[in-house]
Amino acid sequence: MSAAKKHRCIHSANCVCSKGHISEEALFLVFNQLHWNPKIIATLSCTCKWFDDLTKRVLWKEFCRTRAPKMMLDLQSSGSHSIDGNWRALAKLLIYCSGCQGGLFNCSPIPGHFVYRTRFSRTSGKNFLLPQCRSDVLYVSDPCEHLDQGDDGDIGFFRGIFKSFRTSKVKKTLISRSAPLHPTEVCPYCKAKLWNMLAAKMIPPSASCRLGAYEDCVEYYVCLNGHAFGLCTLLPLSDTEEQGGEDSPEE
């Protein structure tokens with residue numbers, strides 16, 4: 001049997017893989033068997049520029065499609081075959097809670113961390129939009145709870161992604177209100193500039209109800225690529241809820 005065709009690295013003359021790479025098709029089959037393991041994909045991307053390019057174009061895309069298939073189909077149903085930002089940024093958003101670092105939020109520093117599994121809901125996203133913007137599509141995660149944070153109380157971090165953010169009513173409203181971009185901080189997922197939705201007065205009261213948070217204790221940012229992330233101060237559970245009351249199923 002003849003050896004699989006190899007491809008030279010065309011991105012860097014100094015690449016250690018000067019003898020060529022195995023085919024993309026072979027790597028696709030390998031990572032399919034590995035169930036698109038994000039740790040292995042991230043490790044491969046650090047090998048050289050050729051592998052980094054492959055992970056951005058193919059592997060992170062397949063990871064996203066496997067992790068959240070219905071959500072990915074909807075995000076791409078507008079006719080575009082690409083995601084705002086890039087697939088690697090979206091993959092990170094699916095599995096990484098950004099925590100609180102830098103100067104974005106007024107609370108004690110809380111490190112970011114990877115999460116095993118998170119539910120994203122299009123229905124929940126409507127609660128984070130002003131009435132005039134609710135034709136937009138926003139997927140939002142359940143809050144990642146960080147309890148007993150001293151004077152800050154119980155903190156919940158959430159994150160999300162807009163569909164077709166470039167043509168969304170939220171972006172048009174931010175521009176019409178001359179909302180400024182943050183002068184220094186950037187999106188933890190794609191490094192794009194950020195709008196503060198609280199400063200733009202674009203967080204409706206329904207957001208705190210959906211999160212189970214105190215009123216006026218919800219803040220979130222949206223980047224130029226439509227990635228959203230924020231925090232809230234969670235209400236304490238009642239005795240009844242602590243004893244195991246279940247949420248009603250979402251429609």
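Trainee: Which residues form a nonpolar patch on the surface?
Mentor: Happy to start there. This is a predicted model, where local features need pLDDT of at least 70, side-chain atom pairs count only at pLDDT 80 or more, and totals for chains, interfaces and linings use all residues. Residues are numbered from 1 along each chain as its sequence is written, and side-chain values use heavy atoms, leaving out hydrogens and water. With about 210 Å² of accessible area together (Shrake-Rupley, 1.4 Å probe), the patch is formed by Val30, Leu34 and Ile40.

Trainee: Is Val30 buried or partly exposed?
Mentor: Val30 lies in helix H1, residues 24-33 (a DSSP run of H or I, at least four residues). Buried means under 20% relative accessible area and exposed over 50%, with partly exposed in between. Val30 has 41%, so Val30 is partly exposed.

Trainee: What is Leu59 in contact with, leaving aside its neighbours within four places in sequence?
Mentor: Contact means heavy atoms within 4.5 Å. By that rule, the partners of Leu59 are Phe31, Trp36, Ile41, Leu44 and Leu54.

Trainee: How many disulfides does the structure hold?
Mentor: Cys64 is buried because its relative accessibility is 0%, and Cys133 counts as buried at 1%. A disulfide needs a pair of cysteine sulfur atoms within 2.5 Å. The number of disulfides in the structure is zero.

Notes:
Buried < 20%, exposed > 50% of the residue type's maximum accessible area, 1.4 Å probe, protein only. Patch = residues over 30% accessible without salt bridge, like charges linked within 9 Å, V, L, I, M, F, W, Y side chains within 5 Å. Salt bridge = Lys/Arg side-chain N within 4 Å of Asp/Glu carboxyl O. Helix = DSSP H or I, 4+ residues; strand = E, 2+ residues; numbered from the N terminus.
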